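Welcome, and thanks for taking a look at this fold with us. Please have the sequence and the coordinates open as you read.

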Amino acid sequence: SGGTNIYSGLEEGFKQLNSTNDTNKKVAILLTDGQDNYYHNYTPLLQLYKSKGWAVYTVGLGDESNIDKQLLTKIANETGGKYFHAENASVLLQVYDEISATTKGLLFVDASNEVLQPNQTLNYTIYVHPFMKEFYAKYLGNTSGVDVKLYYPNGSVVVLNPNSTTGTDNPNITYTKGDGYIIYHVVSPVSGIWTLSVSLSNVSG
């Protein structure tokens with residue numbers, strides 16, 4: 001119970017990662033069951049992680065009302081990691097399995113839990129590191145009037161091609177759309193910052 005010094009944990013984690021010279025992929029996992037008990041400016045420290053290409057995966061353990069979800073999400077997003085909530089130890093094992101899959105080159109991006117308003121666009125940043133072998137970007141929900149686009153790091157859009165076996169003009173990118181889902185599967189992606197854009201057109205009744 002009570003607060004925890006999340007900043008100090010992150011700072012110590014950076015020092016430990018920076019103290020080794022091995023070439024293996026490095027990531028940090030921040031596990032907490034509370035909120036930071038002091039105010040800190042996290043931006044410089046997160047920039048250090050980002051400059052090294054070290055993603056921070058944050059895990060809030062236990063009752064989410066006692067966890068600073070906004071802070072943990074910020075830490076993860078700004079370093080190319082992901083925030084997880086594990087309400088108990090059993091779920092925590094599943095979280096670690098997913099993080100393990102991600103760090104071995106498989107990334108999942110889920111844009112399913114958002115409520116879109118007409119003419120609204122939501123963008124999801126996808127940090128693809130050189131070691132990344134593939135990633136999935138998916139939207140689950142009502143696809144009526146919903147436009148889901150994937151953008152390369154250079155800003156150009158992945159062009160859909162219904163005459164292609166992959167559904168796009170890129171043989172390494174498969175586009176699948178069905179009743180209640182839209183999925184992009186990217187194999188051997190170019191490293192950089194990709195963007196998944198989800199928008200809802202103003203459909204008049």
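## About the model

This is a predicted model, in which local features need pLDDT of at least 70, side-chain atom pairs count only at pLDDT 80 or more, and totals for chains, interfaces and linings use all residues. Residues are numbered from 1 along each chain as its sequence is written, and side-chain values use heavy atoms, with hydrogens and water left out.

Helices (H or I, at least four residues) and strands (E, at least two) are DSSP runs, numbered from the N terminus. Two strands pair if DSSP finds at least two bridges between them.

## The parallel sheet

Let's start with the open sheet whose three strands follow the order β1-β2-β3, with parallel pairing. Its edge strands are β1 (27-32) and β3 (83-86), each of which pairs on one side only. From one strand to the next, the twist averages 20°; axes here are lines fitted to C-alpha atoms, for helices over the stretch in contact, and angles run from 0 to 180 degrees between N-to-C directions.

Six bridges link β1 with β2 (residues 55-61) in the parallel sense, and valine 27 has alanine 55 as its bridge partner in β2. Helix α3 (residues 69-79) packs on this sheet and touches β1, β2 and β3, with its direction at about 160° to that of β2. Contact means heavy atoms within 4.5 Å.

Lysine 26 sits in the loop between α1 (6-18) and β1. Is lysine 26 buried or exposed? Its relative accessibility is 11%, so lysine 26 counts as buried: the term means under 20% relative accessible area, while exposed means over 50% and partly exposed lies in between (1.4 Å probe, protein chains only).

Leaving aside neighbours within four places in sequence, lysine 26 is in contact with Leu17, Thr20, Gly53, Trp54 and Ala55. The lysine 26 side chain also reaches the backbone oxygen of leucine 17, at 2.7 Å.

## Helix α4

Helix α4 (residues 89-103) has 15 residues and spans 21 Å from its first C-alpha to its last, close to the 21 Å expected at 1.5 Å a residue. That expected span is 1.5 Å times one less than the number of residues. At the start of α4, a side-chain oxygen of asparagine 88 comes to within 2.9 Å of the backbone nitrogen of valine 91.

Which residues of α4 are buried? They are Val91, Leu92, Val95, Ile99, Thr102 and Thr103. These residues lie on the same side of α4 because they cover an arc of only 115° around the axis, the arc being that of the directions from the helix axis to the C-beta atoms. The face turned away from this buried side carries the exposed residues Leu93, Gln94 and Asp97.

Another open sheet of three strands has the order β5-β10-β7 and antiparallel pairing. Strands β5 (120-128) and β7 (146-151) each have a single partner strand, so one side of each is left without a neighbour in the sheet. The twist averages 15° from one strand to the next. Six bridges join β7 to β10 (residues 192-200), and aspartate 147 stands opposite serine 199 in β10.

Asparagine 123 lies in β5 and is exposed, with a relative accessible area of 54%. Beyond its neighbours within four places in sequence, asparagine 123 is in contact with Thr195, Leu196 and Ser197. The C-alpha atoms of asparagine 123 and leucine 196 are 5.7 Å apart, although 73 residues separate the two along the chain. The side chains of asparagine 123 and serine 197 make a polar contact at 3.2 Å. Such a contact is a pair of N or O atoms within 3.5 Å; within protein, one must be able to donate a hydrogen and the other to accept it, and residues adjacent in sequence count only if both atoms are side-chain atoms.
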